[in-house]
Amino acid sequence: MLKDITLGQYFPGNSILHRLDPRVKIVLTVLYIVALFLAKSMLSFVFILCVTVLLVLLSRINLRVILKGMKPILFIMVFTMILNLFFTRGEGEPLVHVAFVRIYREGITTAVYMLVRIVCLLAGTSILLTYTTSPITLTDGIEQLLAPLSVLHVPVHEFAMMMTIALRFIPTLIEETDKIMSAQKARGADFTSGSLLHRVRALIPILIPLFVSAFRRADELAIAMECRCYRGGAGRTRMNRLHMHIRDYGALVCMVLFGAGIVVLNIYTSRIGYGL
Amino acid sequence: MTDPYLQIENLSFSYPAQGEGEAAPVLHGLNLQIERGSFVAVLGRNGSGKSTLAKLLGMILTPTSGKIRMGGKEITDPALTEDELFALRAGVGMVFQNPDNQLVATIVEEDIAFGPENLGLAPEQIRARVDSALDTVGMRAYAKHAPHQLSGGQKQRIAIAGVIAMRPECILFDESTAMLDPTGRAEVMQTVLALNKEGITEIFITHNMNEAVLADRVLVMDEGRIVLDGTPKEVFAQADTLRGCGLGVPQVTELFEVLRQQGLPVGEPVISEEEGAERLYALLNQ
Ligand SMILES: Nc1ncnc2c1ncn2[C@@H]1O[C@H](COP(=O)(O)OP(=O)(O)OP(=O)(O)O)[C@@H](O)[C@H]1O
Ligand SMILES: [Mg+2]
């Protein structure tokens, strides 16, 4: 039953976004986020929406999947919108004035901009990173992108190794949890009824054997790794090295143009007096 | 004829004492020589010190006293530098019992690459070694699979591939078939025998008599000592000593022993089932 859990939110595929170098995708994501926060005018938000829709199309991931991914933060979105709607003070007369509630034109635009920003932030980053990059590729990307930092004693390799081992053992431990749960059920344990406290207490007989076994595994794995001459990142080479292709350079150029486009649109709209 | 790969002199070992108690020695002054390219099975009941011996040979533990020489180099020399130890360790591979706890990476070929990567080889060299290791264990088709999608026997063959990609002279197997079903066992044994043919010295710890029978030489350990040492035939002829060590003998051997006790002229001890069948056939025809 636990086996059905999918790891991360990676959707295997062969789109251009799937094939981009993970290092490039990390850089793209950072650029994309910066660009989102540069946007200030109506035109630039329209531009952002168009680019995000383009990303969705390029990734060939079902739109419904992406919308479903936003459900958990629906509350935050609504909350931010309401705050912006009611608490933005604008110049001129309020559009609505009932008792102490005043809604200005600026309030509506900020609320809408905020919504666009959050939706695009979430859709864009998840499409660029988590949906189209397998966790292990992402780990490789982070390791090789941040490798220069190890000069400053940042434990980049150690972090990547930890991630790899975690990813390797998650399915194993899930399988084990399943087995332990069945074993405890066979002894009459009940995980599904009773008060919350009762159900939490029922988890203890699962967690303890799971931890004991995880530590035993860690011990054996450490010995096996030592036997295979592991001694940290120093002097270690990699079989698969990441290579930049033309498409990767192209993607970087596009993203820089995207950022530049937003800045230009900001300036343009403020010139013709269509600010906000 | 003698080209000793492994020489053990007066090897003793005790684990650090726990709490107040004295540290009880686990190995008592072992002496042993193993020929290059031989396939040695090690038998012994639980707690007889087999894994401890394997860990000493694999340089995971250091002996309390005594010497181990491997391929002409003394691996227990306290003057060895970190780098020399590293180079020596690459010459000995170890395969353990639980295949799940030996695989490091999330993709089969990357796991096999793990050892060569640690040795600091060039990417093309690593690729070549990974491919040839995959061929040796017959798992080329699974290069891109995730370990958890494989059967136990397949996982264990990947673990073996990970070890042979380091091109060791010697491989230690510590109950590497114990968690496998008969198919998995057969797969692993086939790989083990094939590697021995290629000249790799193998030390194979097992509780399975039928596997021990396939070796050139069988060692029986009990309470940290080597009790019996010889060809499978010689060792399994000593059924009483074996029983004293908490071990059994292969079923065929036992059958012929009972027949001999009944006064039948069955000849010398038999260890393989085929040979047993032939003898029985001859006996029935008389
Ligand atoms: N880490 C340890 N610390 C202390 N004592 C240990 C440790 N590991 C093993 N021993 C003890 O050393 C003795 C030999 O253990 P060893 O694991 O070598 O036996 P074995 O022959 O491999 O047994 P098995 O067939 O169960 O694998 C046992 O008495 C055991 O209790
Ligand atoms: Mg053992």
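Visitor: In which strand of chain B is R217(B) found?

Guide: R217(B) is found in strand β9 of chain B, residues 217-222, where helices (H or I, at least four residues) and strands (E, at least two) are DSSP runs numbered from the N terminus. The model is a predicted one, in which local features need pLDDT of at least 70 and side-chain atom pairs count only at pLDDT 80 or more, while totals for chains, interfaces and linings use all residues. Residues are numbered from 1 along each chain as its sequence is written, chains are lettered from A and ligands numbered from 1 in the order in which they are written, and side-chain values use heavy atoms, with hydrogens and water left out.

Visitor: Why does R217(B) count as buried?

Guide: Buried means under 20% relative accessible area, exposed means over 50%, and partly exposed lies in between (1.4 Å probe, protein chains only). R217(B) has 19% relative accessibility, and therefore counts as buried. Leaving aside neighbours within four places in sequence, R217(B) is in contact (heavy atoms within 4.5 Å) with residues including L32(B), F39(B), A41(B), D229(B) and P232(B).

Visitor: What makes A212(B) a buried residue, and which residues are in contact with A212(B)?

Guide: The relative accessible area of A212(B) is 0%, so this residue is buried. A212(B) is found in helix α7 of chain B, residues 209-212, and, apart from neighbours within four places in sequence, is in contact with A41(B), L43(B), T206(B), V218(B), P232(B) and F236(B).

Visitor: Why is G69(A) called partly exposed?

Guide: With a relative accessible area of 26%, G69(A) falls in the partly exposed class. G69(A) lies in the loop between α4 (63-68) and α5 (74-87) of chain A, and its contacts, leaving aside neighbours within four places in sequence, are with L122(A) and Y131(A).

Visitor: How do you know that helix α3 of chain B is largely enclosed by the rest of the structure?

Guide: Helix α3 of chain B, residues 108-118, is largely enclosed because 11 of its 11 residues are buried. What covers the buried residues of α3(B) includes α8 (156-186) and α9 (196-227) of chain A, together with α2 (82-90), α4 (123-136) and α5 (152-164) of chain B.

Visitor: How many residues of each chain are in contact across the interface, and how much area do the chains bury?

Guide: 39 residues of chain B are in contact with 28 residues of chain A. Buried area is the accessible area (1.4 Å probe) that two parts lose on being put together, summed over both, and for chain B and chain A that is about 3,100 Å², with 55% of it on carbon and sulfur atoms. N101(B), V104(B) and E117(B) supply 21% of the area that chain B buries against chain A, more than any other three residues.

Visitor: What makes E226(A) and R89(B) a salt bridge?

Guide: A salt bridge is a side-chain nitrogen of Lys or Arg within 4 Å of a carboxyl oxygen of Asp or Glu. The closest N and O atoms of E226(A) and R89(B) are 3.6 Å apart, and the pair forms a salt bridge. α3(B) gives the most to the side of chain B that touches chain A, with 10 residues.

Visitor: Why are E275(B) and R279(B) separated by about one helical turn?

Guide: The two residues are 4 residues apart in helix α11 of chain B, residues 273-285, so about one helical turn separates E275(B) and R279(B). Their side chains meet in a salt bridge at 3.4 Å, N to O.

Visitor: What is the nearest side chain of opposite charge to K25(A)?

Guide: The nearest one is D248(A), which is 8.2 Å away, and K25(A) is buried yet has no salt bridge; in assigning charge, Lys and Arg count as positive and Asp and Glu as negative, whereas His and the chain ends are not counted. K25(A) is found in helix α2 of chain A, residues 22-38, and a polar atom of the K25(A) side chain lies 2.7 Å from the backbone oxygen of L17(A).

Terms used. Polar contact = N/O pair within 3.5 Å; in protein donor to acceptor, adjacent residues only side chain to side chain.
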